[in-house]
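Colleague: I would like to learn how to read side-chain contacts in a structure that is new to me. Could we go through them together, one feature at a time?

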Amino acid sequence: MRALLSTLFVIAVAGSPVQAADLYMKYKLFAVGLPIGSGVMSVDFGNGSYSIDANGGTAAFGKLVSDGKGSVNVRGNVASGTLQPKKFALKVKSDDENGTISMQMRKGAVQKVAVNPPQDRMNQRIKVTSDHLKNVLDPLTAAVFPAPKGLSAESCNRTLELFDGKERYNVHLSYKSKRQAKTSDGRFNGEVLVCRARYEPISGHRPKRKTIQELANNKSMEIWLAPVGDKPYLVPLRASIKAPFGSLVVKAEKYKLKG
């Protein structure tokens, strides 16, 4: 289920520089309706560049989510509206996992990866090949969708090819509908795209692991995408999945554009 959370997004930063960000969003994570985590995400576009910063924490919820906190950031270039990550860094500290991941990338290709501590049970995992590290995004960059056609079905219909430093996987998105949505602070109140999402493991995972199999077979995942002001991008306003224990939901409560 951890792969799901990082795919939906790594929730973000208390104390990030809100005043400098083009977009600031605060999220909450719910399991069966109970709040178990929160954080914020800040996105900033410069002259041919972008940055995304995030960190947050979760409270223990059975065996599904452990008590912990983490931070993640990515820096990269913008070319013809496409985001091209250059440096990605993740730090996690929880009851069942502590470690860091850093990646250097260029034009969609992973050039260097450092994982500390190294992954275990490598003999049980599908090998990550050099071909798997081409034409990919990190999970945080993938949370900002280039969408020159705005809230059109075409903006949903895409496959995200992702590598998080350990595992390579795809998230297949398809158009479901449009609907009205708003955040609790009232700063976003408008139309969003509702996209179906399906997880496909490629490599780096343990194929016999039950949670991986369940996630790959789960057809309930949805992501709601909202505009970023007048910029040609969409960001998740809400993401959800139905699991055996009930529903898991990440949703934005605050939405603030620069100015």
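**Reading side-chain contacts**

Modeller: Let us begin with one residue, keeping in mind that this is a predicted model: Arg 168 is buried, with a relative accessible area of 7%.

Colleague: With which residue does Arg 168 form a salt bridge?

Modeller: Side chains of opposite charge can pair when their charged atoms come close. Here the partner of Arg 168 is Glu 161, and the closest N and O atoms of the two are 3.6 Å apart. Glu 161 counts as partly exposed, at 32% relative accessibility, whereas Arg 168 is buried.

Colleague: How many salt bridges does the structure hold, and which parts of the chain does the one between Lys 258 and Asp 22 tie together?

Modeller: There are 11 salt bridges in the structure. In one of them the side chains of Lys 258 and Asp 22 meet, at 3.7 Å from N to O. Lys 258 belongs to the segment after strand S14 (246–257), while Asp 22 belongs to the loop between helix H1 (2–8) and strand S1 (23–31), so this pair ties together parts that are 236 residues apart in sequence. Lys 258 is partly exposed at 47% relative accessibility, but Asp 22, at 11%, counts as buried. Through salt bridges that share partners, Asp 22, Asp 44 and Lys 258 are joined into one network.

Colleague: Turning to the rings, how should I read an aromatic pair, and why is the pair of Phe 45 and Tyr 233 called stacked?

Modeller: A pair of aromatic rings is described by the distance of the centres and the angle of the planes. The structure holds three such aromatic pairs. For Phe 45 and Tyr 233 the ring centres are 4.7 Å apart and the planes lie at 15°, so the pair is stacked, given that planes under 30 degrees apart count as stacked. This pair links distant parts of the chain, with Phe 45 in strand S2 (residues 34–45) and Tyr 233 in strand S13 (residues 231–243), 188 residues apart. Both Phe 45 and Tyr 233 are buried.

Colleague: What is the geometry of the pair formed by Tyr 169 and Tyr 199?

Modeller: That aromatic pair is tilted, with 5.6 Å from centre to centre and 45° between the planes. Tyr 169 lies in strand S10 (residues 168–182) and Tyr 199 in strand S11 (residues 189–203), 30 residues apart, and both residues are buried.

Colleague: Which charged residue lies over the face of Trp 224?

Modeller: Arg 238 does, at 4.8 Å from the ring centre.

Methods
Residues numbered from 1 in each chain as written. Predicted model: local features only at pLDDT ≥ 70, side-chain atom pairs only at ≥ 80, totals over all residues. Heavy atoms only, no water. Phe/Tyr/Trp six-rings, centres within 6.5 Å; stacked < 30°, edge-to-face > 60°. Helix = DSSP H or I, 4+ residues; strand = E, 2+ residues; numbered from the N terminus. Buried < 20%, exposed > 50% of the residue type's maximum accessible area, 1.4 Å probe, protein only. Lys NZ or Arg CZ within 6 Å of the ring centre and 35° of its normal. Salt bridge = Lys/Arg side-chain N within 4 Å of Asp/Glu carboxyl O.
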